Amino acid sequence: MDYSPSGKETDDITKPLLQRVNGDKVEKAPVCCSSRYGLALLASYGFFVAYTLRVNLSVAMVDMVSAKESANAGSSHCPRPGPELTEREHKGSLYDWDSEMQGWILGSFFYGYILMQIPGGYLARKHGAKWLLGLGILCTAIFTLVTPLAAELGAGYLIAVRVLEGVGEGVTFPAMHSMWASWAPPLERSRLLTISYTGAQLGTVVALPLSGYLCYYLDWTYVFYVFGVVGVLWFILWTALVSDTPDTHKRISEMERLYIARSLTEEVSPSMDAIPWSSIFSSLPLWAIIVAHFSYNWTFYTLLTLLPTYMNTVLGFSIQQNGLLSALPYLGSWVLALLGGQLADYLREACLFSTVAVRKAFTIIGMVGPAVFLVAAAHTGCDYTAAVGFLTISSGLGGFSSSGFNINHLDIAPSYAGILLGITNTFATIPGMVGPVIARAMTPHNTIEEWQTVFYISAAINVFGAAFYTLFGKGVVQPWAASKLPSHRNSELNDIVAVVVSCQ
């Protein structure tokens, strides 16, 4: 518990209450073959699917537009690296969408995505996260399968389909956060959440190069068919193996169920039906997460949707090279996010650092570091190795933010984690809607100078978000989110606080 008997917020508590006052120690359940880590792996597969469905259009777009629309009109176009590739027969349909229309198509996903953020958190809390998340990704997979037909009918139909895909994926993160509120012991939050959410980076790593090869050897329509089928297969596994809570899981051991339940006793209060909306929206720690999330996503979504275009039109990489090189930054992000989750929980469990110190440190590294290397990438000119290297380091360092602001919702209000993530992700989706449109509007000729401006803006927004979170972020359960304890437990609370403070 994060509050003193007087009701005032105490210093950040770094170790959850696994020691009961009656001397009965809660035994930690093994990691191997556990249901909670099984959930993390299936969730990782789910977010892998979600991001393959989200980013595949970024690569396919390069092969969907006619040569006259994708050609670089500026004087700063870099010579194509490596030997000239043999001309291939273009099998897929071509469309004469200009750069502005491409920006609207790439950004349309987020118009549907933003609609379901807060409703997603609310519905997951009221009706359970399993089916909400599962059906969300299934619907996205189905709409991905009909994407080639929509493109053939016209840009308006394609935009509509992408909006509907966004609606399906809009519930995923809030639902998963809501599920982890019931599944993740506090000392394992960073590990479990980074395992599950880094499926998104892994999906990007696989989708970008595989999309490039599918475009080259087959045609761009197979990009949507292949990933759509993968999404349907995930849904079958998810419905068969996952439960909303440990209590409803059929295969969980009694030892693990008790370990999770007792470690969350003082934090989660599922029976709290009244949602304190006014307190939530007036919470400065929540606004710190909102600003950080918005700022981080500005850079993330700009690169996610436009990096293949930059690789092709500025650096001159072919469709084959494009996907693989565009994936390298997200491979770095995936690796460092996983390592960061292990490190963050180690620092907290060993009582070396408070939760808020860990969250802020990882946020600074994960936002200021990428800003520095993004600016460096803007000054590499046609040095292909340096450009790809700096972009990879930039996105890689961003992986540390997964153990920073990105899971801070569970620290400040575990009972409302899904709703809070829905709120922050609503604001954080705005960059996905406007970022690609603004970036494409600023790069009509695809010159290095135009793209430098895009990188500068992204870096400045990142630094601002990190500074705001550092000033106002918190690591303790906020008063409006705290469980109300019966009066007869006040003496027990005193003993618990005394035990925990001794850890610091």
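**Burial, salt bridges and a nonpolar patch**

Visitor: Which residues are in contact with Asn 406, leaving aside its neighbours within four places in sequence?

Guide: Asn 406 is in contact with His 177, His 293 and Ser 401. These contacts are read from a predicted model. Asn 406 itself is placed in the loop between helix H17 (384–398) and H18.

Visitor: What makes Asn 406 count as buried or exposed?

Guide: The relative accessibility of Asn 406 is 19%. Buried means under 20%, so Asn 406 counts as buried.

Visitor: Why is the pair Arg 36 and Glu 188 called a salt bridge?

Guide: The closest N and O atoms of Arg 36 and Glu 188 are 2.9 Å apart. The limit is 4 Å between a side-chain nitrogen of Lys or Arg and a carboxyl oxygen of Asp or Glu, and the pair therefore forms a salt bridge. The two residues belong to distant parts of the chain: Arg 36 is in helix H1 (residues 35–64), whereas Glu 188 is in the loop between helix H8 (172–183) and helix H9 (189–197), and 152 residues separate them.

Visitor: How do you know whether Arg 36 and Glu 188 are buried or exposed?

Guide: Arg 36 has 0% relative accessibility, and Glu 188 has 1%. The cut-off for buried is under 20%, so Arg 36 counts as buried, and Glu 188 likewise counts as buried.

Visitor: What makes Arg 54 and Glu 169 a salt bridge, and which parts of the chain does the pair link?

Guide: The closest N and O atoms of Arg 54 and Glu 169 are 3.1 Å apart; the limit is 4 Å, so the pair qualifies as a salt bridge. Arg 54 in helix H1 is linked to Glu 169 in helix H7 (residues 155–169), 115 residues apart. Arg 54 and Glu 169 are both buried.

Visitor: Why is the pair Asp 411 and Arg 359 said to tie together parts of the chain?

Guide: The side chains of Asp 411 and Arg 359 meet in a salt bridge of 2.6 Å, N to O. Asp 411 lies in helix H18 (residues 409–412) and Arg 359 in helix H16 (residues 355–378), so parts that are 52 residues apart in sequence are tied together. Asp 411 and Arg 359 are both buried. Elsewhere, salt bridges that share partners join Arg 36, Glu 188 and Glu 256 into one network. In the whole structure, a search finds 10 salt bridges.

Visitor: Which residues form the nonpolar patch on the surface, and what places Tyr 213 in its exposure class?

Guide: The nonpolar patch is formed by Val 206, Leu 210, Tyr 213, Tyr 217, Leu 218, Tyr 222, Tyr 225, Val 226 and Leu 324, which together have about 750 Å² of accessible area. Helix H10 (199–217) and helix H11 (221–241) are the elements that give two or more residues to the patch, and the largest share, four residues, comes from H10. Tyr 213, in helix H10, has a relative accessible area of 35%. Buried is under 20% and exposed is over 50%, so Tyr 213 is partly exposed.

Visitor: How confident is the predictor, and where does pLDDT stay under 50?

Guide: The chain averages a pLDDT of 81, and 82% of the residues score at least 70. Values stay under 50 over residues 1–23 and over residues 485–504. Where pLDDT is low, the predicted coordinates should not be read in detail.

Methods
Residues are numbered from 1 along each chain as its sequence is written. This is a predicted model: local features need pLDDT of at least 70, side-chain atom pairs count only at pLDDT 80 or more; totals for chains, interfaces and linings use all residues. Side-chain values use heavy atoms; hydrogens and water are left out. Buried means under 20% relative accessible area, exposed over 50%, partly exposed in between (1.4 Å probe, protein chains only). pLDDT is the predictor's confidence in each residue, from 0 to 100. Contact means heavy atoms within 4.5 Å. Patches are made of residues with over 30% relative accessible area and no salt bridge: like charges are joined within 9 Å, nonpolar side chains (Val, Leu, Ile, Met, Phe, Trp, Tyr) within 5 Å. Accessible areas come from the Shrake-Rupley method with a 1.4 Å probe; for residues, only the protein chains shown count as cover.
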